[in-house]
Amino acid sequence: MKRSTLPITLCLIACLPMAMPLQALAQSNPSERAASSEAKPKADKKRVFKAGGFGCVAGGALAYLTGKKDRAIAACAAGAAVGATASYLKQQRENAEEAAEAARAAGMKAEVVTKTQTVEGNQEAVLDSLRLNYNPEDMRRLDKDTQAFLDKFAGLLTKSTNGLTVVFQGADKVACQVPIVELAKRGALSKVTVDDRCGSGEPVIVVTPVPDVR
């Protein structure tokens, strides 16, 4: 038992220096974090940090136990990157699902489409598209359920760090542009590409990530 636990302990010690910069980032000065957040909205840092830490330990331990002791620190860094990226993609998918639930509560038809993508050697379910079929009359009324949907939708757009394209479409041009105006008020369109097709087609909002992930 002693022979099997010692290498893991040593690996944890070796991997610790690589994990510390991540922890320092997560515990940085509140004012610095606020300034950074205003410049570029981020995903849940604590959650990403935790996932990155587990990835570091797993990657470093594997390298150490397979006899590649000199590569333990590099494996730790690689493992942390994998964990953080996977965590971010999972959060993006969950945010899309929350926005879809809010849309359904507002009487819309919502569909979240995912696809399997290789992320640093691992298969992950990532967001492919979010399709929201709205009622033009609901956009004109802007009742509390529609407002709640717009709040959730704004959260999805502002938390994206890899960029999103949002298509706004609908034959009723006035109703179609209501969500554009409302999302802009919430500061949710500064990091996304807006494709304004208002004035034609069915009433629908479609969100798709850009091809390159992070």
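Which residue in S5 is the bridge partner of Arg131? The views below get to that, starting with the sheet.

**View 1. Here is the open sheet of five strands, in a predicted model.** Its order is S1-S2-S5-S3-S4, with mixed pairing (strands pair if DSSP finds at least two bridges between them; strands, E and at least two residues, and helices, H or I and at least four, are DSSP runs numbered from the N terminus). S1 (109-119) and S4 sit at the edges, each pairing on one side only. Neighbouring strands are turned by 15° against each other on average, direction ignored.

**View 2. This one zooms in on S2 and S5.** The two run antiparallel and are joined by four bridges. Val206 in S5 is the bridge partner of Arg131.

**View 3. Now for helix H7, which lies across S3, S4 and S5.** H7 runs at about 150° to S3 (axes are lines fitted to C-alpha atoms, for helices over the stretch in contact, with angles from 0 to 180 degrees between N-to-C directions).

**View 4. Last up is the largest nonpolar core, with 33 residues.** Such a core is a set of buried (under 20% relative accessible area, 1.4 Å probe, protein chains only) Ala, Val, Leu, Ile, Met, Phe, Trp, Tyr and Cys residues joined through side-chain atoms within 4.5 Å. Leu130, Phe149, Phe153, Leu157 and Leu183 have the most contacts inside this core. H6 gives the most to the core, with six residues. Beyond neighbours within four places in sequence, Leu157 is in contact (heavy atoms within 4.5 Å) with partners including Leu164, Val166 and Leu183.

Residues are numbered from 1 along each chain as its sequence is written. In this predicted model, local features need pLDDT of at least 70, side-chain atom pairs count only at pLDDT 80 or more, and totals for chains, interfaces and linings use all residues, while side-chain values use heavy atoms, leaving out hydrogens and water.

Key: Buried < 20%, exposed > 50% of the residue type's maximum accessible area, 1.4 Å probe, protein only.
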